[in-house]
Amino acid sequence: MSPRHLIHVLWPAFIVAGVANAVFFTIVDPIDLSLFGWPVGQNRLAAYTIGFFGFWAVAAGSSALTCFFQRSAAEINQCPLEPDARPSGCPKREDPQAHCG
Amino acid sequence: MDTRVGAAGDAAGSAADAVEQSLYEIRRKIYPRAVTGNFAAIRWALVFLTQAVFYGLAWLQWNGRQAVLFDIAARKFYIFGLVLWPQDIVYLTVLLILSAYSLFLFTAVAGRLWCGYACPQTVYTEIFLWIERKVEGDRLARMKLDRTATNARKLRLKATKHGLWIALSLWTGFTFVGYFTPIRELFGHVVALSVGPWEAFWMLFYGFATYGNAGWMREQVCKYMCPYARFQGVMFDPDTLVITYDRERGEPRGGRSKSADHKAAGLGDCVDCGICVQVCPTGIDIRNGLQYECIGCAACIDGCNQVMDKVGYPRGLIRYSTEHAVKHHEDRASILRRVLRPRVLLYTGILWIVLIAAAAMLWQRAPFKVDVIRDRVAMAADTGDGTVQNVYRLQIMNTDEAPRSFTIVASGLPDLELSTRDNPVELGGATSRMVPVRIKARPDAATHGSVEIEFRIEGRMQGAADLTPVVIVEKSRFIVP
């Protein structure tokens with residue numbers, strides 16, 4: 001994954017996480033929440049912050065899958081070997097984009 | 001990206017060839033040239049105005065507390081005399097609708113006014129550029145400095161610049177957090193180095209974002225990160241005022257001697273000095289037409305007007321104009337007449353309707369709220385004295401800042417008996433309390449198993465018992481086993 005992919009994943013997720021966090025915690029008071037039966041605690045700022053990063057992670061996961069599924073059939077079928085590492089006699093030794101089948 | 005530099009421009013333009021690998025694409029670092037003029041003056045006025053409000057408002061006191069405080073830890077928003085609770089989310093929604101429609105309206109009338117003059121990205125970039133200019137000098141000096149090998153002077157200048165940027169960023173981060181947690185206490189904690197970990201984290205986070213966006217990312221934020229920049233084009237129509245290069249008047253462009261009659265030589269008014277490109281914070285050439293990178297800052301208008309003055313041509317080779325006006329050679333008056341077109345009138349109408357509705361809602365807002373919650377543990381209990389008892393919890397929220405007393409009355413059943421620890425309930429300003437209430441009634445009162453009852457809560461300002469109280473009626477059900 002290139003830095004370019006990383007920012008394509010993280011930035012939209014950041015925007016969505018900000019909105020989701022604001023909406024969620026406007027409706028739900030973190031003090032009323034419980035985690036495996038234990039109250040989340042009295043520190044709302046901590047809950048908002050952790051909540052934000054939670055939303056960010058979830059949204060980033062979704063963005064990452066979008067990126068992942070965007071690969072075309074040709075990209076998936078592409079030979080994993082570098083052209084010069086392909087066995088001698090392979091007709092695609094000269095073509096870096098080549099794929100078999 | 002075009003960084004062509006013309007005859008009257010500086011020969012050092014090619015210094016901008018230092019190519020920098022950025023996260024999005026190969027980026028050529030832009031060294032915007034300082035510009036003065038009418039639009040730059042407007043932008044600076046807005047920089048001062050918005051920043052005076054941002055840095056100052058947090059310190060303003062009102063009723064003995066911070067005037068504007070989004071106290072997320074206590075889940076209460078204070079905006080001058082108004083206290084908003086999470087239940088008031090409708091006002092936040094209204095605010096978002098108002099902002100969106102204002103943006104639509106401004107964009108339809110004159111394009112990216114928000115981006116060019118008021119967006120924090122523009123405002124902070126302007127301030128950061130000003131610091132950069134004061135420390136490193138104007139465009140040529142900065143390009144020269146970046147070209148020279150690292151030496152003591154370069155290190156000193158860079159350190160000064162980044163030091164000032166970081167100081168301003170930290171202050172911005174502190175102020176930002178100061179809107180969410182009381183700023184005076186926060187300041188005390190900062191001075192005593194005892195800031196809570198979450199506040200400290202967000203101060204640094206926001207400070208880092210300011211430093212990164214205004215110091216390093218700059219036009220890339222507008223080009224690649226801003227959603228508005230991507231869709232603003234759909235709000236344009238042929239009558240939208242946009243920054244336009246008058247191709248007909250300017251072309252063919254070219255250098256010329258000041259004394260020559262350029263029209264006789266077959267030249268247009270554009271002297272191809274490249275100033276419009278040098279001042280552009282996004283590094284585009286406006287002469288290639290409207291581009292999505294153009295943030296509408298009008299720096300090229302100011303720059304070009306100065307050049308036109310110098311060479312003695314009329315101003316406005318680059319100006320605010322509309323597609324329609326350029327095509328049909330219309331004058332200013334006709335452009336202004338066309339501002340009042342259906343699209344603009346519709347946006348304005350909706351904006352006013354929402355604004356009036358919001359004002360009416362705020363005006364009608366009851367100074368307290370009540371939620372009735374049935375006790376879930378015991379649906380109904382036999383008390384042993386021949387009556388049935390139901391327990392309720394009344395969440396009373398005094399949303400106003402004046403202390404109030406609340407009288408609870410229940411009705412809906414014959415011989416109903418209401419008991420609570422204290423009635424009336426006394427509540428201080430902007431506080432809430434959960435009041436347990438027991439209702440007893442005869443079991444034969446309800447035949448259907450459950451019957452609707454009403455709680456009537458009368459709120460009175462303390463010390464004003466004779467005034468008509470504000471009344472809220474909430475319904476619930478009484479269950480007979």
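**Chains A and B: how the terms are applied**

Modeller: In this predicted model, the domain assignment of chain B gives domain 1 (237–330) and domain 2 (368–480). The C-alpha centres of these two domains of chain B lie 72 Å apart.

Colleague: Why are Arg75(B) and Asp29(A) said to meet in a salt bridge?

Modeller: The rule asks for a side-chain nitrogen of Lys or Arg within 4 Å of a carboxyl oxygen of Asp or Glu. Across the interface of chain A and chain B, one salt bridge is found.

Colleague: How many residue pairs are in polar contact between the two chains?

Modeller: The count between chain A and chain B is eight residue pairs, with both residues at pLDDT 80 or more. On the side of chain A that touches chain B, the elements giving two or more residues are α1 (3–27) and α2 (44–69). Of these, α1(A) gives the most, with ten residues.

Colleague: What is the make-up of that side of chain A, by nonpolar, polar and charged residues?

Modeller: The residues there divide into 15 nonpolar, four polar and three charged.

Colleague: How much area is buried between chain A and chain B?

Modeller: About 1,700 Å² is buried, and carbon and sulfur atoms give 70% of this area. Trp11(A), Thr26(A) and Leu45(A) supply 30% of the area that chain A buries against chain B, more than any other three residues. The contact takes 22 residues from chain A and 16 residues from chain B.

Technical notes
Residues numbered from 1 in each chain as written. Chains lettered and ligands numbered in written order. Heavy atoms only, no water. Contact = heavy atoms within 4.5 Å. Buried area = accessible area lost by both parts, 1.4 Å probe. Polar contact = N/O pair within 3.5 Å; in protein donor to acceptor, adjacent residues only side chain to side chain. Helix = DSSP H or I, 4+ residues; strand = E, 2+ residues; numbered from the N terminus. Nonpolar A, V, L, I, M, F, W, Y, C, P; charged D, E, K, R; others polar. Domains from an automatic or database assignment.
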